[in-house]
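I set down what I looked up, entry by entry.

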Amino acid sequence: MELGWLLWGAAVLLLLHVLMALSPAVNFALRIGFYSFLCLLASALTVPVCLLVNGGRTVKNMRIIRAVVRTFKYFFGLRFEVKGLENFKVEGPAIIVSNHQSILDMMGLMEVLPDDCVQVGKKELMYAGSVGLIIYLGGVIFINRKSTTSAKMVMAEVAKSMTTDNVKVWVYPEGTRNCTGDLLPFKKGAFHLAVQAQVPVIPVVYSSFTSFYNPKTNLFTSGKIKVEVLPPIETKGLTSDDVSDLTDRCFHTMRETLFRLSGSPS
């Protein structure tokens, strides 16, 4: 009986391997399915660890989450080449901004995430099962993107707690995923926050995923991701009148870096 089950299992695995090799759509669906399953399983297993070690919702749990998520890249054949981590070593709080490409960004985030850093995420993530629970325990700040008033109130509270708790805040200024190999226009919320708190902005740029990941063409293979942490941009002395210039400066610097890391013409 056991031999029969082993033979059936081997046959199923062989069939899946053949289908993945013949059909990009099957390959993509199976990889995304496995990624989603891995996220849910790892989150469910990590929740009790975070509760036992740190007792509840705290940014300290991100150290545990980071260690777990950093193993994901080995399942998908992804390699990271990171430069500029020393630029995270600023005294006191800071706003970290990065480009946002896909659901795979979590792996890139955890690859370079500094200690005492919380992320700003959409409110809908709270309801993503064990994933929502684990990021809640990690201190992620949830905003309602559909309500401008609510989002502004949350960001105002973030500005206060950022300096009080001495934490860095990670924001995706594009506001949504963008897997085109370019940047979407930046929303100004993160830069208003930086100026309001008079803390530096640290840009982080990930090379384009399009060479190995593209949902429109069912592409999902192994690949290399280049990451560069750029020097901090100071905001001391700036006012709300300077936010637009600060946003544009950061956008153009990050866009040039994205093209350079991706080997694309600017």
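Before reading any crossing angle, I note that axes are lines fitted to C-alpha atoms, for helices over the stretch in contact, and that angles run from 0 to 180 degrees between N-to-C directions. The model I am working with is predicted.

**Entry: α3 and α5**

I looked up the pair formed by α3 (61–69) and α5 (105–112). Their axes come within 9 Å and cross at roughly 120°. I therefore record α3 and α5 as oblique to each other, since angles of 65 to 115 degrees count as roughly perpendicular and only those over 145 as roughly antiparallel. The crossing of α3 and α5 is left-handed. From α3 the contact takes Met62, Ile65, Arg66 and Val69, and from α5 it takes Met106, Met107 and Met110. By class, I find 6 nonpolar residues, no polar ones and 1 charged in this contact of α3 with α5.

**Entry: α8 and α9**

I then turned to helix α8 (residues 189–197) and helix α9 (residues 243–262), whose axes come within 9 Å and cross at roughly 120°. That makes α8 oblique to α9. I note the hand of this crossing as right-handed. Which residues meet here, on α8 and on α9? On the α8 side I list Phe191, His192 and Val195, and on the α9 side Val243, Leu246, Thr247 and Cys250. The contact of α8 with α9 comprises 5 nonpolar residues, 2 polar and no charged.

**Entry: the largest pocket**

I looked up the volume of the largest pocket and found about 1,400 Å³. Its lining has 49 residues, and Val120, Gly121, Lys122, Leu125 and Tyr172 lie nearest the centre. Which element gives the most to this lining? I find that α2 does, with 7 residues. Among the other elements that each supply at least two lining residues are α3, α5, β3 (117–122) and α8. I count the lining by class as 29 nonpolar, 13 polar and 7 charged residues.

**Entry: the second largest pocket**

For the second largest pocket I record about 200 Å³ of space. Among its lining residues are Arg57, Thr58, Val59, Val118, Gly139 and Ile141, and also Val158, Ser161, Met162 and Asp165. Here α7 gives the most, with 4 residues. The lining of this pocket divides into 7 nonpolar, 3 polar and 2 charged residues.

Methods. Residues numbered from 1 in each chain as written. Predicted model: local features only at pLDDT ≥ 70, side-chain atom pairs only at ≥ 80, totals over all residues. Heavy atoms only, no water. Parallel < 35°, antiparallel > 145°, perpendicular 65-115°, else oblique. Left-handed = near helix turned anticlockwise from the far one by under 90°. Contact = heavy atoms within 4.5 Å. Nonpolar A, V, L, I, M, F, W, Y, C, P; charged D, E, K, R; others polar. 1 Å grid on protein atoms, 1.4 Å probe; cavity = no way out; pocket = protein on both sides within 12 Å on 5 of 7 lines; lining within 4 Å. Points joined across faces, edges and corners; volume = space filled by probe spheres on them.
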